[in-house]
Structure formats: structure tokens, C-alpha cells
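This report describes selected features of the structure shown below.

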Amino acid sequence: STFELPTIHLGDDINSLEQSVTLSAVPGYSSYLWNTNDTTPSIDVTSDGKYWVSVVNYDGCANSDTVNVHFIPTTITITEMKSPVSQCGSITNDSIVIEILNNGDATIAAGRFIGVTCALADTVIRDSILLPWNFAKNATITHKMNNTLTLNTVGIHTLSFALDVDGEPKDTSEFTVEVYGLPEFTFGTDTLRPDEYPYVLA
């Protein structure tokens, strides 16, 4: 007797904006074997690659299919350091405020973490942002870091930032802030002329 091969079609290659993709074979066959060593009719995948499944029907006939899966990466960047701004004399306990842009094609799902690291000389500050909602393409987040910044040295200071999503590095950037020197001047020695009123300082 001649038996038909099992029908199996995983579909077209996949470019996904999501974090995971479910690959499904036709249910109801005798056995399944994926190249991930799974033996279920469907599997969830979270990384790029070529995935295949071999199925065997109850007549003992086997067939297989392959699909390529690509996950479009998340991309974020810091577009602006809103605070601190350059000041005269010193910067005292100023907040560090940045704007983060989702400049990729993928929405970053609620519940994921964006890590923010800020370094100034030997001082390193790290914050973690738990997204309460989906961070969509072209959307921005304004984030105020937990620590404040104090600068007493005149000159240009460079703040180096690094971003990650769930620990995966995404972007680095640098911003500068300047502490201007105060103008130097003197009135000279005080002089009191008791014979004149009002008194004149000269």
C-alpha cells in the first residue's frame, strides 16, 4: 500500500517585532521532533535562527518543514540631557534628567526594564526603569535619576551614559555641562570720610 506523507507547513519566514514567536505544526500526528529537541506540536522561540520540525503520522510516514525567524531588535537612545544646565560658580544637588527615545521599529513591552548608567569621572550612578506601559516606536520617556549632582570645580564636565534593555546593551552617549567661573573684582580698600555726608566709598 502507498500512504500519504503528513502535511506540514510552518509558513513563510518571520520578521517579528515581538519578544517571542509561536511555531505550530499541524496537530494530530504520531510524533514531532523539532531541531530544539522539543517533541510538542508547537514551540515558542525567542532568538533568531532556522527552525525545523519533523513529523510522523500513524502510518509511519515522515515529513518536515523549515522556517527562518528574525527578531527586529529594540533600539533606544538618549536624545537630550535636560538637567543639569551650565551655571555660574557651582552646581549644587541638581537633578540629572534625560530624555530617552525609542528610535527602533519594535515596541518595548510593559514590564521590561530599561537600565540607565551615568558616569562622571570615578562616580557611577545606575538606575532601572520598570516600564508600566508599552514603549512604542518614536515615543519618549523623561527620566529623573535617583541621585543628584554637585559640581564645584570650574570647567566643562562630561557625563557618560549607557542604556540597556533587560541587561542587553543598547546605546552610549555623552553630554557636557559647564561650571562658569565667577567674575573677579574688588572695590579696593574701604575709605571713610567723616567730613562728608553721605559717606562715599572710594
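## Cysteines

Cys118 is buried in this predicted model, because its relative accessibility of 2% falls under the 20% cut-off. Cys61 has a relative accessible area of 14% and therefore also counts as buried.

Across the whole structure, a search finds zero disulfides. A disulfide would be a covalent bond between the sulfur atoms of two cysteines.

## Nonpolar cores

The largest nonpolar core comprises 27 residues. Within this core, the residues with the most contacts are Ile100, Ile114, Val116, Leu159 and Phe161. Two or more residues are contributed by each of these elements: strand S7 (76–83), strand S9 (91–102), strand S10 (113–120), strand S11 (123–130), strand S12 (140–151), S13 and S14.

The surroundings of Ile100 illustrate this packing. Leaving aside residues up to four places away in sequence, Ile100 touches Ile76, Thr77, Ile78, Ile114, Val116, Ile129, Phe135, Ala139, Thr140, Ile141 and Leu163.

## The five-stranded sheet

An open sheet is formed by five strands in the order S8-S14-S13-S10-S11, with mixed pairing. Strand S8 (87–88) and S11 are the edge strands, each pairing on one side only.

Inside this order, S10 and S13 run antiparallel and are joined by six bridges. Val116 stands opposite Leu163, a residue of S13. Both Val116 and Leu163 are also among the residues that Ile100 touches. In general, the strands of a sheet pair through backbone hydrogen bonds, either parallel or antiparallel.

## Aromatic pairs

The structure holds two aromatic pairs. In one of them, Tyr29 and Tyr32 have a centre-to-centre distance of 6.3 Å and an angle of 55° between their planes, and the pair is tilted. Tyr29 and Tyr32 are both buried.

The other pair consists of Phe161 and Phe175, whose ring centres are 6.0 Å apart. The planes of these rings lie at 70°, so the arrangement is edge-to-face, the cut-off for that class being over 60 degrees. Phe161 and Phe175 are both buried, and Phe161 is one of the residues with the most contacts inside the largest nonpolar core.

Definitions and conventions. Residues numbered from 1 in each chain as written. Predicted model: local features only at pLDDT ≥ 70, side-chain atom pairs only at ≥ 80, totals over all residues. Heavy atoms only, no water. Phe/Tyr/Trp six-rings, centres within 6.5 Å; stacked < 30°, edge-to-face > 60°. Buried < 20%, exposed > 50% of the residue type's maximum accessible area, 1.4 Å probe, protein only. Core = buried A, V, L, I, M, F, W, Y, C linked by side-chain atoms within 4.5 Å. Helix = DSSP H or I, 4+ residues; strand = E, 2+ residues; numbered from the N terminus. Contact = heavy atoms within 4.5 Å. Pairing = 2+ DSSP bridges. Disulfide = S-S within 2.5 Å.
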